[in-house]
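Visitor: I would like a close look at one part of this model, the pairing of charged side chains, and then at what surrounds it. Please keep the cut-offs with the terms.

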Amino acid sequence: MTTVDPTPTSLPAALAEPSLPVRRGWIALLFAANLGVWMAFFTPIQVLLPQQLGQIAPANKETMLAVVTGFGALAAVLANPLAGALSDRTCLRLGRWEFGRRHVWTLGGAVLGALALVLLAQASSVVGVAVGWVAAQVCFNAMLASLTAAVPDRVPVTQRGGVSGWVGIPQALGLVLGVVLVTAVVTGTAAGYLAIAAAVLLFALPFALRTTDDPLPRAHRPSLRGLLAGMWVSPRRYPDFGWAWITRFLVQLGNALGTLYLLYFLTDEVRVADPEGGLLVLILLYTAGLMATTVVAGRLSDRSGKRKIFVIAAGVVIAVAALLLAAAPTWPMAVAAAVLLGAGYGVYLSVDAALITQVLPRATDRAKDLGVINIANSAPQVLGPAISAPIVVYLGGYPALYATTAAVTLLGSVLVLKIRSVP
């Protein structure tokens, strides 16, 4: 459970454990902000970067995509917890106006990230693409760090599964809307980047400008002196937090292994006549499966008070979906796997996110600690290309890749049993 050093009666609103349920309007604005940031994360990885690098370096497109996404993920690993730690320490006052510690990061990340996408649209070399994508990752991870902290900041524990379900939907829906936007609404890679930049601003700014963001009194601000040292959360002192990190890392590593080369899988293994159209169909089916389970599973978890059984079940379903692709890389099997994968991942997103908020060490470091958890989301994007590229090229191709995906995901979900403080 979340613990704090000061006594409960002395806590300011920014640090107090929330007790009042959040309203639908607040959830809707947080949903929209997350939709914008996930459109910016996933649409380039799945569509725009493969297209752009395929035009710049067609002979080495797989390797160049791995390099660019790997550098971007490394930037995310560093930026997310650092931005979270700075967010925890933000005390901003302009004259009589005192601002909260989160929204300035949401606003700044959205605006600067949109500018990075505009620059990326003009890139004509692999180096230019890599630099632009790293800049975008830094900005959007700063934004994500503040948005992720909104749940433990403002949502009571008994509502977190359901709210986390709504917050999880944009991870899939953002990709769907992004793919539709850059393939059916606008044409060309450059126009796609510009459209995503506009979407980020449209969806994210209302949450930053229209919702409450409690200011942090300077007396409660963590010291900047120990900022870097504070990035380390001792697994001995907080073992449940450590196990939560490991389980999230393994499941996300499985996700990275299974999704990075999906467009190339449809092109070279399944041999779909229209790979980009096929990708859109699979994404739509995946999203439908996710949306059908994530909020329902989150609410069931809230009502039962149990988290771990849902996480394990989700891992089993995801592993089965990956094994279907490994056993029979055909279009009908890809369709079935997409639905199963979405359903399983929907359960995982909502319940595991709620579980993690219950093992955060300190209320004063919520964004930083969630940033450390987000390393478990981003680090697999660094390791994923390094692992998946040799598997596809030298160690068995796509069947071996998806078998590995199943094994890693199943291991990650089962290890949730090591967490003791959450049922």
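By the rule for salt bridges, how many does the count come to? And which side chain meets that of Glu17 in a salt bridge?

Guide: The model is predicted, so local features need pLDDT of at least 70 and side-chain atom pairs count only at pLDDT 80 or more, while totals for chains, interfaces and linings use all residues. Residues are numbered from 1 along each chain as its sequence is written, and side-chain values use heavy atoms, with hydrogens and water left out.

The count comes to 12 salt bridges, each a side-chain nitrogen of Lys or Arg within 4 Å of a carboxyl oxygen of Asp or Glu. Arg366 is the partner of Glu17, at 3.8 Å from N to O. The two are 349 residues apart, with Arg366 in helix 12 (residues 366–394) and Glu17 in the segment before helix 1. Helices here are DSSP runs (H or I, at least four residues), numbered from the N terminus. Arg366 counts as buried because its relative accessibility is 1%, whereas Glu17, at 37%, counts as partly exposed. Buried means under 20% relative accessible area, exposed over 50%, and partly exposed in between (1.4 Å probe, protein chains only).

Arg366 also forms a salt bridge with Asp153, at 3.1 Å from N to O. This pair too links distant parts of the chain, since Asp153 lies in helix 4 (residues 126–154), 213 residues from Arg366. Asp153 is buried, with a relative accessible area of 12%. Another bridge, at 3.3 Å from N to O, joins Asp365 and Arg362. Asp365 is buried at 10%, and Arg362 is partly exposed at 28%. Shared partners join Glu17, Asp88, Arg101, Arg102, Asp153, Arg160 and Arg366 into one salt-bridge network.

The nonpolar side chains come next. A nonpolar core is a set of buried Ala, Val, Leu, Ile, Met, Phe, Trp, Tyr and Cys residues joined through side-chain atoms within 4.5 Å. The largest one has 122 residues, and Trp26, Leu117, Phe140 and Ile196 have the most contacts inside it. Helix 1 (residues 24–56) supplies the largest share of this core, 17 residues. A second, separate core of 5 residues includes Leu11, Ala14, Leu15 and Leu216.

Aromatic pairs number 11. Rings of Phe, Tyr and Trp (its six-membered ring) pair if their centres lie within 6.5 Å; planes under 30 degrees apart are stacked, over 60 edge-to-face and the rest tilted. Phe31 and Trp166 are edge-to-face, 6.3 Å centre to centre with 70° between the planes. Phe31 is in helix 1 and Trp166 in helix 5, 135 residues apart. At 18% relative accessibility Phe31 counts as buried, and at 35% Trp166 counts as partly exposed. Trp245 and Phe249 have ring centres 5.3 Å apart and planes at 5°, so this pair is stacked. Both lie in helix 7, and because they are 4 residues apart they are separated by about one helical turn. Ring pairs also link Trp38, Phe41, Phe42 and Phe140 into a cluster.
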